[in-house]
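Biologist: I am new to this one. Please show it to me, and we will talk it through.

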Amino acid sequence: MRELIRLPKFLASGGVASRRAAEKLIAAGRVKVNGIPVREPGRKIDPQCDRVEVDDIPVETAGEKKYYLLFKPKGYLTTVRDPFGRPTVMDLFPEGAKDGLFPVGRLDMDTEGLLLMTNDGELAFRLMHPRFQIEKKYLATVKGVPSAEDLLQFHRGILLEEGRTAPAKVKVCSQGKRNTQLLITIHEGKKRQVKRMCQALEHPVISLKRVSLAFLNLKGLNPSAFRPLTREEIRKLSVMVGLKDRL
Ligand code: URA
């Protein structure tokens, strides 16, 4: 179980004010927890899950772990910094939230969908490691109509330049005359994997969206929006990658 701490102590450890001054800020209604003004100085919060703001500016404490689920829109790079000044996923977070944050894995600039953002290197590393077999689901609109034999190839593994992919799952969601929408489930994270798998079968990807990662999905989020993971979601993810003991 994580430790809950009293709001004035949290504000003091975040360098906002002394505990006594923090109590005054709370009494004045200037402090919000998860968007709702809080006026009781005795209120306890979970620093890993609750979002605390003073005058609408998020408060962070050193060493605090942050976990967000972002609906990455198309047109943003999955990187912390771009030397060419192009838009990055960091631009989608307010100043106070983005310190130390980085993306877990990668989505291409023209791919949209679910992207985890955190400052927890150990969890991120494990979520990306093929050993833990974290499932990722993608909705891919591909050119043409893949044959039954093409679809079987996903299950058998598809030969890419660095070797054969692990067995993937595929389901046809809809089919038109020119395009097909596939739901593809993989647990590896090779560079541009889905696009290269489809390209190898001569059905290039027209658009790609990651719709889930493990048990997480995009429900309730619009493109560019994000939300903090809940305490239970962080616990479940940690357990999935063998980090049970640290909670
Ligand atoms: N596979 C791809 O080809 N691109 C992505 O962005 C993610 C998976």
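Modeller: This is a predicted model, where local features need pLDDT of at least 70, side-chain atom pairs count only at pLDDT 80 or more, and totals for chains, interfaces and linings use all residues. Residues are numbered from 1 along each chain as its sequence is written, and side-chain values use heavy atoms, with hydrogens and water left out.

Biologist: Which domains does the assignment give the chain?

Modeller: Domain bounds come from an automatic or database domain assignment. The assignment gives domain 1 (5–58), domain 2 (67–130 + 219–246) and domain 3 (135–213).

Biologist: Between which domains does the ligand lie?

Modeller: Look at the shell around the ligand. Two domains both give residues to this shell, so the ligand lies between them: domain 2 (67–130 + 219–246) and domain 3 (135–213).

Biologist: Which residues are around the ligand?

Modeller: A residue counts as near if one of its heavy atoms lies within 4 Å of the molecule. The shell divides into four nonpolar, two polar and three charged residues. They are Leu107, Asp108, Thr111, Tyr138, Arg192, Gln193, Val194, Lys195 and Leu208.

Biologist: How far is a ligand nitrogen atom from a polar backbone atom of Val194?

Modeller: A ligand oxygen atom is 3.0 Å from an N or O atom in the Thr111 side chain. Another entry pairs a ligand oxygen atom with a polar backbone atom of Arg192, at 3.2 Å. For the nitrogen atom and Val194, the distance is 3.1 Å.

Biologist: How much of the ligand's accessible area does the protein cover?

Modeller: Accessible areas come from the Shrake-Rupley method with a 1.4 Å probe. On its own, the ligand has 240 Å². The protein covers 96%.

Notes
Polar contact = N/O pair within 3.5 Å; in protein donor to acceptor, adjacent residues only side chain to side chain. Nonpolar A, V, L, I, M, F, W, Y, C, P; charged D, E, K, R; others polar.
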